[in-house]
Amino acid sequence: MAVLIESLLKKKIDPVRLLKMIILHDLVEAEARDIAALDVLRNPEIKIQKLDKERQAIENLRTALNETNG
């Protein structure tokens, strides 16, 4: 989606940086499992669980990459 709308944006963006951000975001969600926004809004407990799972996913990725990238 980011690639498709880039030319429509009024403000110039760095597409490489944007794509890196998207990939990192999706890596975390791939491990933590994405939860629908409506579910999070409807149930505050789900929001807490989502944040905890995403923090753990970030730590898991950091640990996996520690020997190569830190």
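Author: Here is a quick tour, from the whole chain down to single residues.

Author: This is a predicted model, where local features need pLDDT of at least 70, side-chain atom pairs count only at pLDDT 80 or more, and totals for chains, interfaces and linings use all residues. Residues are numbered from 1 along each chain as its sequence is written, and side-chain values use heavy atoms, with hydrogens and water left out.

Reader: OK, how many helices and strands does the chain have?

Author: The chain has 4 helices and 0 strands. Helices (H or I, at least four residues) and strands (E, at least two) are DSSP runs, numbered from the N terminus. The order from the N terminus is α-α-α-α.

Reader: Is the chain a compact globule or more spread out?

Author: More spread out than a compact globule, because the radius of gyration is 15 Å, well over the 11 Å that the globule rule gives for 70 residues. That radius is taken over C-alpha atoms, and the rule is 2.2 Å times the number of residues to the power 0.38. Along its principal axes, the C-alpha trace spans about 40 × 40 × 15 Å.

Reader: And what share of the residues counts as buried?

Author: 11% of the 70 residues. Buried means under 20% relative accessible area, exposed over 50%, and partly exposed in between (1.4 Å probe, protein chains only).

Reader: Switching to packing: at what angle do α2 and α4 pack?

Author: Helix α2 (residues 15–32) packs with helix α4 (residues 44–65) at an angle of about 110°, with their axes 8 Å apart. Axes are lines fitted to C-alpha atoms, for helices over the stretch in contact, and angles run from 0 to 180 degrees between N-to-C directions. The two helices are therefore roughly perpendicular to each other; that label covers 65 to 115 degrees, while under 35 counts as roughly parallel, over 145 as roughly antiparallel and the rest as oblique.

Reader: Which residues of α2 and α4 make the contact?

Author: From α2 they are Leu 27, Val 28, Glu 29, Glu 31 and Ala 32, and from α4 they are Lys 50, Lys 53, Glu 54, Ala 57, Ile 58, Asn 60 and Leu 61. Contact means heavy atoms within 4.5 Å.

Reader: Let's zoom in. Is Glu 29 buried or exposed?

Author: Glu 29 is buried, with a relative accessible area of 15%. Not counting residues up to four places away in sequence, Glu 29 touches Asp 34, Lys 50 and Glu 54.

Reader: And what about Lys 50, buried or exposed?

Author: Lys 50 is buried, at 18% relative accessible area. Leaving aside neighbours within four places in sequence, Lys 50 is in contact with Glu 29, Asp 34, Ile 35 and Val 40.

Reader: Where does Ile 46 lie?

Author: Ile 46 lies in helix α4 and is partly exposed, with a relative accessible area of 22%. Beyond four places in sequence, Ile 46 is in contact with Ile 35, Asp 39 and Val 40.

Reader: Last one: what's the phi of Arg 33?

Author: Arg 33 has a positive phi of about 70° although it is not a glycine. Arg 33 sits in the loop between α2 and α3 (37–42) and is exposed, with a relative accessible area of 62%.
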